[in-house]
Amino acid sequence: MAAAFWGSNTKRARCIRRRSREFDVDFDPTQEQCAALDGWARFVDRDLVPVVQPFNDQAFTPEVAHRLMAMMSPYGVGCGWLPEDSGGAGLDFLTSGLLFEALALRSPDAAGLAWVAEGAALKVYANGSDEIKRRYLPGMLLGKVIGCSAISEPGMGSSVREMRTRAVRDGKNFRITGEKTWCSNATVADVMIVMAKTDEKEFSMFLIDRREHGFESREINKLGLNGWPLGQVLLDDVVVPEENLLGKLGSGMRETMKGFNRSRCFVSTLALGIARAALDEAIQYAQQRSQFGKPIAGHQLVQAMLAQMATDLAASQLLVYRALAMMAQGKPCELEASIAKSFATEAAQRVASTAIQVFGAAGITKDLSIERHFRNARMLTIPDGTTQINQLIIGRKLTGIDAFS
Ligand SMILES: Cc1cc2nc3c(=O)[nH]c(=O)nc-3n(C[C@H](O)[C@H](O)[C@H](O)COP(=O)(O)OP(=O)(O)OC[C@H]3O[C@@H](n4cnc5c(N)ncnc54)[C@H](O)[C@@H]3O)c2cc1C
């Protein structure tokens, strides 16, 4: 029956076969990856958790953020995507994603800090002049210089082209004026990769050094992921030399869009870690808590909740690993990254919300971590393309029709 169906619809069959070959990616961890993950998980539990724990309800200070980055760098977290000959750890995206997932299980805040810093380093590596790389890359890769990326503004989020920040040429300098917001790592960053308009329809990327060129930042109070700094940035006629232009004049939008597949995958690894933590804690609680004369895990409806959580997590993992593996193999993966991001981040909030239900009233107390997983997960459906924006990307890929405006 199935063969007859596919046989009678050869165009569709060819398309499905081509797709399944594209999806034919092997993401079983190798022995090497397993060994790296074991060592990493031990380090995170033993050395990193004690540093991050006091920051469940307040943002890392610059000192703590730098200490964390320096601690993680030897494991390839914060510097993994850059090749070894540039001072990076030369990890493939899947291995790096597994490390980030394991970190997010214990501290999604530290994972966010490192992922954004690593993204900024990669932009410097890919677009910086030799001089800019010489000055900033070694420090960024050792965790001594923390980077952030500033695109969003108070009046512009999803619609990046509506940006107002401007960079105006003034001899051998550019003068940058504008306001950026929701900028991860802003209050601990030493360097900021900022996107600004250099003409009516032209966008460019600049590196701004906090100490040399100056930028003001202020922490924003938020719902979750409170250790991971998130700030507002004021750029008041900041003067940067033309050497600080990253890439060619006008290449900013293209370069930023290229980076979105990567950031969608890595924000999804945070969702995986949070969902895993919520599920693990819900299972443990359900085994220990007794009602009606037996552990609540023995009640079928509680098992149904756990089963749904585990299914959401497993599906998210497969989607995220697939997108990471495709990226590691250099395959185009815009569709897969958007599917992974929209599914995994929405699933993480479902999982964390159900975990609260398994805990009953104990799930809402700030004395336990369950309510925090819920607040943390809730943050992730917004950055790197909201769920709706990722759905529009998926829809555009499927239909060839752009429904953005
Ligand atoms: C944890 C976190 C970290 C972040 N880190 C950074 C960072 O490091 N750097 C940075 O520059 N920014 C960062 N952001 C900002 C993020 O990129 C923006 O919040 C995001 O792009 C959405 O923009 P917005 O919040 O202005 O929402 P808006 O764009 O105003 O959207 C509001 C609502 O309208 C919907 N919507 C908008 N347009 C459409 C459409 N065409 N069709 C259907 N629905 C639509 C959205 O899905 C959303 O539900 C971060 C945000 C968060 C939450």
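A residue is called buried when its relative accessible area is under 20%, exposed when over 50%, and partly exposed in between (1.4 Å probe, protein chains only). Welcome to a predicted model, in which local features need pLDDT of at least 70, side-chain atom pairs count only at pLDDT 80 or more, and totals for chains, interfaces and linings use all residues. Residues are numbered from 1 along each chain as its sequence is written, and side-chain values use heavy atoms, leaving out hydrogens and water.

**Cysteines**
- Cys 183 is buried, with a relative accessible area of 1%.
- The structure holds zero disulfides, a disulfide being a pair of cysteine sulfur atoms within 2.5 Å.
- Cys 183 is in no disulfide, and its nearest cysteine sulfur, that of Cys 148, is 3.8 Å away.
- Cys 34 counts as partly exposed, at 36% relative accessibility.

**Lys 341**
- You will find Lys 341 in helix α10, residues 334-359; helices (H or I, at least four residues) and strands (E, at least two) are DSSP runs, numbered from the N terminus.
- The Lys 341 side chain reaches the backbone oxygen of Pro 383 at 2.8 Å.

**Annotated domain**
- The unreviewed UniProt entry places "domain: Acyl-CoA dehydrogenase/oxidase C-terminal" at residues 250-398; such annotations may be inferred rather than shown by experiment.
- Over residues 250-398 the chain is 77% helix and 3% strand, with end C-alpha atoms 29 Å apart.

Note on methods: Polar contact = N/O pair within 3.5 Å; in protein donor to acceptor, adjacent residues only side chain to side chain.
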